[in-house]
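This report covers one predicted chain.

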Amino acid sequence: MIYYKDEELVIRNMEEPDAQIFFDEYTAQGWHPEVEYYLMRMKEQAEGKCVALTAVYQGHPAGSVYVYLTAHEGPFKGKYYPEIVDFSVLKKYQRKGIGNRLMDIAEQIAKQYADTVCLGVGLCDAYGSAQRMYVKRGYIPDGTGVWYQGKPCIQYETVCTIDDDLILFLSKELNN
């Protein structure tokens, strides 16, 4: 399904060939992805758990995001809010408006299910661009503080590893 299309950008459901392309591109960026990760997201889409989106810029997969129909972790679990998961745009395609358009579509999909959408964002500098974008788009912290490996951090607790599991949860009201 195509959700958005203009002369340079198409946002559509993720397709199986995207998995290998994202694997190759993210590996070239120094990340450590697994093809199975993308295949799992597409399987969950087929099961009706999420919508897996790919942004295609000038014919090349450039980014992706997943909209889960209900949050599956953190403070929003069990509240029936859609959750935006693993938003990403390849470095060579950043600063072209692709990320904002991808988020526009993700929020439109979320709005079909609830008036609030949530997400978690990593706290290390690798997530700096996403952190700034979420704030500019109106996302606010949920008030439960920082979470690590699926649990809220306790004040004065030591978190030894700053990795992808150190997260701040945010939400946004989806107004008409």
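R137 counts as buried because its relative accessibility is 15%; buried means under 20% relative accessible area, exposed over 50%, and partly exposed in between, with a 1.4 Å probe and protein chains only. The residue sits in the loop between α4 and β7 (140-148). Helices here are DSSP runs of H or I with at least four residues, strands are runs of E with at least two, and both are numbered from the N terminus. Leaving out residues up to four places away in sequence, R137 touches N100, M103, D104, E107 and K172. Contact means heavy atoms within 4.5 Å.

This is a predicted model, in which local features need pLDDT of at least 70 and side-chain atom pairs count only at pLDDT 80 or more, while totals for chains, interfaces and linings use all residues. Residues are numbered from 1 along each chain as its sequence is written, and side-chain values use heavy atoms, with hydrogens and water left out.

## Helix α4

Helix α4 spans residues 128-136, and its buried residues are G128, A130, M133 and Y134. The cover over these buried residues includes β5, α3 (98-111), β6 and β9 (166-173). Just after α4, G138 adopts a positive phi of about 100 degrees.

Two of the covering strands also pair. β5 (residues 83-89) and β6 (residues 116-122) run parallel and share 2 bridges. Pairing requires that DSSP finds at least two bridges between two strands. I84 has L119 in β6 as its bridge partner.

## Strand β3

β3 has an antiparallel pairing with β2 (residues 9-13) over 5 bridges. There, N13 stands opposite L53. The pairing of β3 with β4 (residues 60-68) is also antiparallel, with 8 bridges. V56 faces P61 in β4. β3 and β4 make a hairpin with 2 residues between them, and Q58 in the turn has a positive phi of about 50 degrees.

## The sheet

The 9 strands form an open sheet of mixed pairing, in the order β1-β2-β3-β4-β5-β6-β9-β7-β8. β1 (2-5) and β8 (151-152) stand at the edges with a single partner strand each, so one side of each has no neighbour in the sheet.

From the N terminus, the elements run β-β-α-α-β-β-β-α-β-α-β-β-β.

## The whole chain

With 176 residues, a compact globule would have a radius of gyration near 16 Å, and the chain agrees at 16 Å. That radius is taken over C-alpha atoms, and the globule rule is 2.2 Å times the number of residues to the power 0.38. Along the principal axes, the C-alpha atoms fill a box of roughly 50 × 40 × 30 Å. Buried residues make up 45% of the 176. Of the contacts between residues at least 6 apart in sequence, 60% join residues at least 24 apart.

The accessible surface comes to about 10,100 Å², and 50% of it belongs to carbon and sulfur atoms. Areas come from the Shrake-Rupley method with a 1.4 Å probe; for residues, only the protein chains shown count as cover.
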